Amino acid sequence: METPFWKTKSLEAMTPAEWESLCDGCGKCCLSKLEDEDTGEIYWTSVGCRLFDAKTCRCSDYANRLARVPDCVGLTPQNVRTISWLPKTCAYRLVADGHDLYWWHRLVSGSAETVHEAGISMRDRVSASETDLAEPDDYFAHMLDDEP
């Protein structure tokens, strides 16, 4: 049996298709996060990006997301190593740090549903869309105690 690509290739050596397939579809990176300006601490919210589809845990306009959402962060092999708010379960972070993927990742399980079945994803766990919130202070009502 051939060794999976994420165990043999660096992030930089992956093809675009391999890179995209690493996304586990949890939707956590599509949540709004608040940063304490004094400490740099990140606080998670259950507020989804305006393009986030909470039923599918996918971006509704992935190809154009960076143009349509000014603060959307496009993940690259270079920046996944420096983004502090990537979830602990994020495949990009795991592979960058030399760890294996979890059993529920679609590349391991063979199914895109296992991330949802394992309770890792944000499917149906988003309390609001950023388009529903008029003021920055409105996000505080949607703060989470910890990373979802």
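A: The sulfur of Cys26 has its closest cysteine sulfur in Cys29, at 6.1 Å, which is too far for a bond. Keep in mind that this is a predicted model.

Q: What is a disulfide?

A: A disulfide is a covalent bond that links the sulfur atoms of two cysteines. In this structure, the sulfur of Cys57 has its closest cysteine sulfur in Cys26, and at 7.3 Å that is again too far for a bond. The cut-off for a disulfide is 2.5 Å between the sulfur atoms. By this rule the count of disulfides is zero.

Q: Are Cys26 and Cys57 buried or exposed?

A: Cys26 counts as buried, because its relative accessibility is 7%. Cys57 has a relative accessibility of 4% and also counts as buried.

Q: How is a pair of aromatic rings described?

A: The description uses two values, the distance of the centres and the angle of the planes. A search of the whole structure finds three aromatic pairs here. One of them is Trp19 with Tyr92: the ring centres are 4.3 Å apart and the planes are at 40°, so the pair is tilted.

Q: Which parts of the chain does the pair of Trp19 and Tyr92 tie together?

A: Trp19 belongs to helix α2 (residues 16-21) and Tyr92 to helix α4 (residues 91-96), so the pair ties together parts that are 73 residues apart in sequence. Trp19 is buried, with a relative accessible area of 10%. Tyr92 is buried as well, at 5%.

Q: How are the rings of Tyr102 and Trp104 arranged?

A: Their centres are 5.4 Å apart and their planes are at 10°, so this pair is stacked. The cut-off for stacked is an angle under 30 degrees. Tyr102 is partly exposed, with a relative accessible area of 36%, whereas Trp104 is buried, at 4%.

Q: Where do the charged ends of Lys33 and Arg65 sit?

A: The charged end of Lys33 sits over the ring of Trp85, at 4.5 Å from the ring centre. For Arg65, the ring is that of Tyr62, and the charged end sits over it at 3.8 Å from the centre.

Q: Now the strands. In what order do the three strands of the sheet lie?

A: The order is β1-β2-β5, in an open sheet with mixed pairing. At the edges stand β1 (31-35) and β5 (128-129); each has a single partner strand, so one side of each is left without a neighbour in the sheet.

Q: How many bridges join β1 to β2, and how many join β2 to β5?

A: Four bridges join β1 to β2 (residues 42-48), and these two strands run antiparallel. As an example, Leu34 has Tyr43 in β2 as its bridge partner. Two bridges join β2 to β5, and these strands run parallel. There, the bridge partner of Val47 is Ala128 in β5.

Q: What do β1 and β2 form?

A: They form a hairpin, with six residues between the two strands. In the turn, Gly40 has a positive phi of about 80°.

Q: How many residues of β2 are buried?

A: Five of the seven residues of β2 are buried, so this strand is largely enclosed by the rest of the structure.

Q: Let us look at single residues. Where is Leu22, and what does it touch?

A: Leu22 is in the loop between α2 and β1. At 0% relative accessibility, Leu22 counts as buried. The C-alpha atoms of Leu22 and Asp100 are 11 Å apart, although 78 residues separate the two along the chain.

Q: And Glu147: is this residue buried or exposed?

A: Glu147 counts as buried, at 18% relative accessibility. The cut-off for buried is under 20%. Glu147 is found in the segment after β5.

Q: Which residues does Glu147 touch?

A: Not counting residues up to four places away in sequence, Glu147 touches Lys28, Trp44, Leu86, Pro87, Lys88 and Thr89. With Lys88 there is a polar detail: the backbone nitrogen of Lys88 lies 2.9 Å from a polar atom of the Glu147 side chain.

Conventions:
Residues numbered from 1 in each chain as written. Predicted model: local features only at pLDDT ≥ 70, side-chain atom pairs only at ≥ 80, totals over all residues. Heavy atoms only, no water. Phe/Tyr/Trp six-rings, centres within 6.5 Å; stacked < 30°, edge-to-face > 60°. Buried < 20%, exposed > 50% of the residue type's maximum accessible area, 1.4 Å probe, protein only. Lys NZ or Arg CZ within 6 Å of the ring centre and 35° of its normal. Pairing = 2+ DSSP bridges. Polar contact = N/O pair within 3.5 Å; in protein donor to acceptor, adjacent residues only side chain to side chain. Contact = heavy atoms within 4.5 Å.
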